[in-house]
Amino acid sequence: QVQVVESGGGLVQPGGSLRLSCAASGSIFKIYLMVWYRQAPGKQRELVAGISDGGTTNYAEAVKGRFTISREHAKDTAYLQMDSLKPEDTAVYYCHALARSPTGSEFGYWGQGTQVTVSP
C-alpha cells in the first residue's frame with residue numbers, strides 16, 4: 001500500500017519561512033512526479049510546485065521566487081522551502097505523488113495534508 005505523508009506545517013509570522021516534507025513509500029512503480037498543492041478555506045485546490053524525477057521544476061506564479069521545491073530521489077521524498085511567507089499562503093498543503101508502470105499506466109497518491117498558517 002502506498003503512503004504519502006506530509007510534515008512541517010505550522011504557524012508562522014508574515015515574512016517567515018517553513019519547510020514542508022513529503023515522503024512517499026510502498027510504490028512498486030517509479031514515482032516520476034511529486035507535486036505540492038494547496039487549498040485555502042472556501043477556495044479550490046491549486047497547484048503550488050512540482051518536480052519530476054529528472055529534476056525539472058515548475059511553480060505557480062504566486063510563489064515564484066519565494067518557494068523552492070527539491071527532491072531526494074533515493075527516498076522518494078520532496079521538500080517545499082517556503083520563504084517570505086504571506087497571509088495569503090495560508091492553506092492546507094497537500095502532496096501528490098505520481099507513479100508510472102512499465103506499460104505506461106499511471107497511479108496518483110495523495111497525502112493527508114499539512115496546515116500552514118501565516119499570521120501576525
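Predicted model: local features only at pLDDT ≥ 70, side-chain atom pairs only at ≥ 80, totals over all residues.

User: Which residues does Tyr93 touch, not counting residues up to four places away in sequence?

Analyst: Tyr93 touches Glu6, Leu20, Trp36, Tyr37, Arg38, Val48, Phe67, Leu80, Met82, Gly113, Thr114 and Val116. Contact here means heavy atoms within 4.5 Å.

User: And which residues of the largest nonpolar core touch the most other members?

Analyst: They are Met34, Trp36, Val48, Phe67, Leu80, Met82 and Tyr93, out of 29 residues in that core. A nonpolar core is a set of buried Ala, Val, Leu, Ile, Met, Phe, Trp, Tyr and Cys residues joined through side-chain atoms within 4.5 Å. Buried means under 20% relative accessible area, exposed over 50%, and partly exposed in between (1.4 Å probe, protein chains only).

User: Which strand gives the largest share of this core?

Analyst: Strand β9 does, with five residues. Strands (E, at least two residues) are DSSP runs, numbered from the N terminus.

User: Changing topic: in what order do the four strands of the open sheet run?

Analyst: The order is β1-β3-β8-β7, with antiparallel pairing. Two strands pair if DSSP finds at least two bridges between them. β1 (3-7) and β7 stand at the edges with a single partner strand each, so one side of each has no neighbour in the sheet.

User: How many bridges join β7 and β8?

Analyst: Six, in the antiparallel sense. Arg71 has Ala78 in β8 as its bridge partner. The two strands form a hairpin with four residues between them, and Asp76 in the turn has a positive phi of about 50 degrees.

User: What about aromatic pairs; how many does the structure hold?

Analyst: Three. Rings of Phe, Tyr and Trp (its six-membered ring) pair if their centres lie within 6.5 Å; planes under 30 degrees apart count as stacked, over 60 as edge-to-face and the rest as tilted. Tyr37 and Trp110 have ring centres 5.1 Å apart and planes at 55 degrees, so that pair is tilted. Tyr94 and Trp110 are edge-to-face, at 6.5 Å centre to centre and 85 degrees between the planes.

User: Is Tyr94 buried or exposed?

Analyst: Tyr94 is buried, with a relative accessible area of 14%, whereas Trp110 is partly exposed at 39%.

Definitions and conventions: Residues numbered from 1 in each chain as written. Heavy atoms only, no water.
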